[in-house]
Amino acid sequence: MSGLILLLVVAGGALLFAAGLATGRLLVRRAAPGGTDLGTPVERATFHTLHTASVAAPPLRAGLTEDAARKAVRRLRPLFGTAALGLTDEDRLLAWEGPGRHHEDTALDRVRQVLATGRTQTFAVGCRDTDCLVRWGAAAPLTVDQRVLGTLVVLGARESASAVRATEEVARWVSVQLELAELDRTRTGLIEAEIRALRAQISPHFIYNSLAAIASFVRTDPERARELLLEFADFTRYSFRRHGEFTTLAEELRSIEQFLELVRARFGQRLEVTLQIAPEVLPVAVPFLCLQPLVENAVKHGLEGSVERSRITIAAQDEGALARIVIEDNGVGMEPDRLRRILRGEDSPATGIGLRNVDERLRQVYGDDHGMVIETGVGAGMKITIRIPKYRTGVHSGPPRSTSAPGSA
């Protein structure tokens with residue numbers, strides 16, 4: 001039972017697990033120049049427990065699945081020093097590590113009681129096999145949002161109060177990992193909902209006007225009509241794609257070029273666009289549809305609010321660990337107080353959904369320091385600056401489209 005002693009020595013099991021995982025740090029044992037370990041038994045126990053927790057956590061962040069359970073019990077079992085360890089969901093045994101699998105039915109009978117009551121159950125295991133190492137077991141609930149999703153089952157040679165306590169502590173830690181997995185799924189669902197909201201913002205009028213503009217070239221310039229139709233198809237395919245929360249800056253800019261090409265088909269020389277893009281930032285991963293709504297906003301404020309020529313500048317520069325992206329227009333601008341209300345969601349629900357959506361997603365992914373910086377005033381146009389970290393854990397672009405990188409417009 002040395003594994004149980006190690007677990008209990010390390011100040012409260014689940015709390016220690018959570019602290020180690022939250023910081024992402026493991027204790028490093030100090031060694032003398034000759035390599036002699038100077039760590040105390042408690043330090044070594046702490047290191048062992050945190051290390052085990054750190055390697056068992058990633059599978060559980062995928063949720064309570066067979067694959068996650070199998071990997072987790074294999075890594076957690078050494079903490080207990082008992083014969084066997086198992087994980088169940090609400091219906092069945094997901095994984096079993098160690099001997100005594102022939103006692104599965106007995107264990108599942110007690111698991112059902114745990115699922116019904118939400119309380120830890122201990123039980124004796126009768127076995128005619130004198131060589132069987134399983135004579136006793138404990139099952140503790142795995143709880144997320146006050147709902148029991150499954151159980152952690154520990155089986156050993158004899159009843160032990162410390163084993164019961166350790167089972168409950170590790171079950172709480174597993175529950176924390178499952179709760180984090182649920183939060184990850186919720187966050188992903190929110191991001192997908194926000195992207196759907198942006199897709200819904202693609203105005204039916206824009207689609208109708210684009211097709212009408214393409215139709216106007218069918219007789220006078222068939223080749224131009226064909227090019228525009230291909231641009232329209234690629235633009236809609238990108239905007240409504242269903243894989244990946246992130247894309248590359250090159251992909252996002254390519255979609256923006258297609259959008260602007262369709263706008264030019266309607267407004268001709270009234271729209272003037274300048275792109276200033278540093279090649280080294282093109283591969284940077286960015287949230288999907290994080291720039292296109294900002295450019296659409298610039299076009300709308302420029303062309304719909306003024307009879308003058310609309311000028312839009314899109315710049316992306318390398319700033320060491322960051323990519324600095326600026327979208328600027330000479331449109332009608334906005335009263336700063338109204339802009340603040342839009343970003344806080346206090347204005348009309350149909351107003352500024354693109355600006356608010358992009359700002360919220362940037363803050364969710366990168367933190368509040370990376371929200372949009374907007375400079376505007378009535379009649380003064382608008383300048384939006386965002387700074388995207390080039391490298392961020394968990395931020396990866398999806399597979400690229402088979403199209404060329406953006407050039408100058």
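Visitor: What percentage of the residues of the protein chain count as buried?

Guide: This is a predicted model, in which local features need pLDDT of at least 70 and side-chain atom pairs count only at pLDDT 80 or more, while totals for chains, interfaces and linings use all residues. Residues are numbered from 1 along each chain as its sequence is written, and side-chain values use heavy atoms, with hydrogens and water left out. Buried means under 20% relative accessible area, exposed over 50%, and partly exposed in between, with a 1.4 Å probe and protein chains only. Of the 409 residues of the protein chain, the share that counts as buried is 47%.

Visitor: Is glutamine 121 buried or exposed?

Guide: Glutamine 121 lies in strand β3, residues 121–124, where strands are DSSP runs of E with at least two residues, and helices are runs of H or I with at least four, numbered from the N terminus. Leaving aside residues up to four places away in sequence, glutamine 121 touches Arg110, Gln113, Val114, Gly137, Ala138 and Ala139, a contact being heavy atoms within 4.5 Å. With a relative accessible area of 16%, glutamine 121 is buried.

Visitor: How are α9 and α10 oriented to each other?

Guide: Helix α9 (residues 249–267) and helix α10 (residues 292–303) pack at an angle of about 20 degrees, with their axes 10 Å apart. Such axes are lines fitted to C-alpha atoms, for helices over the stretch in contact, and angles run from 0 to 180 degrees between N-to-C directions. Angles under 35 degrees count as roughly parallel, over 145 as roughly antiparallel, 65 to 115 as roughly perpendicular and the rest as oblique. The two helices α9 and α10 are therefore roughly parallel.
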